[in-house]
Amino acid sequence: MEQICPNITTCNLVVRDDLGICEIDKKEYMTNYCNGDEKSWSVCTRYLTKKAINFCPDFVLPTSKMTPDEVIDKFDEVVN
Ligand code: SF4
């Protein structure tokens, strides 16, 4: 079983500091999802989105209440 999220080295929420997420929130996401065990990261909305569509826009957070289809719809709105 994976001990940390398999996306941890590529996920923009982790590797970038310019997404407008405050340090406290980022630390909380890292603790509750990214650095947790599979039970934790496997329910992250960013993880589920990437798994479904092989990509996750920056506006999606671990706690976002969105399905991959809703993410695609919002992404289309944002880029068009
Ligand atoms: S935000 Fe989600 S997908 Fe990204 S590294 Fe953390 S648990 Fe994985």
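User: Which residues come nearest the ligand?
Analyst: Cys5, Cys11, Cys34, Cys44 and Tyr47, out of 13 residues around the ligand. Near means a heavy atom within 4 Å. This is a predicted model: local features need pLDDT of at least 70, side-chain atom pairs count only at pLDDT 80 or more, and totals for chains, interfaces and linings use all residues. Residues are numbered from 1 along each chain as its sequence is written, and side-chain values use heavy atoms, without hydrogens and water.

User: Which helices each supply at least two residues of that shell?
Analyst: H1 (12-15), H2 (23-34) and H4 (45-53). Helices are DSSP runs of H or I, at least four residues, numbered from the N terminus.

User: Switching topic. At what angle do H4 and H5 pack?
Analyst: About 85°, with the axes 9 Å apart; H5 covers residues 68-79. That makes H4 roughly perpendicular to H5 (65 to 115 degrees). Axes are lines fitted to C-alpha atoms over the stretch in contact, and angles run from 0 to 180 degrees between N-to-C directions.

User: Which residues meet there?
Analyst: Leu48, Thr49, Ala52 and Ile53 in H4 meet Pro68, Val71 and Ile72 in H5. Contact means heavy atoms within 4.5 Å.

Conventions
Parallel < 35°, antiparallel > 145°, perpendicular 65-115°, else oblique.
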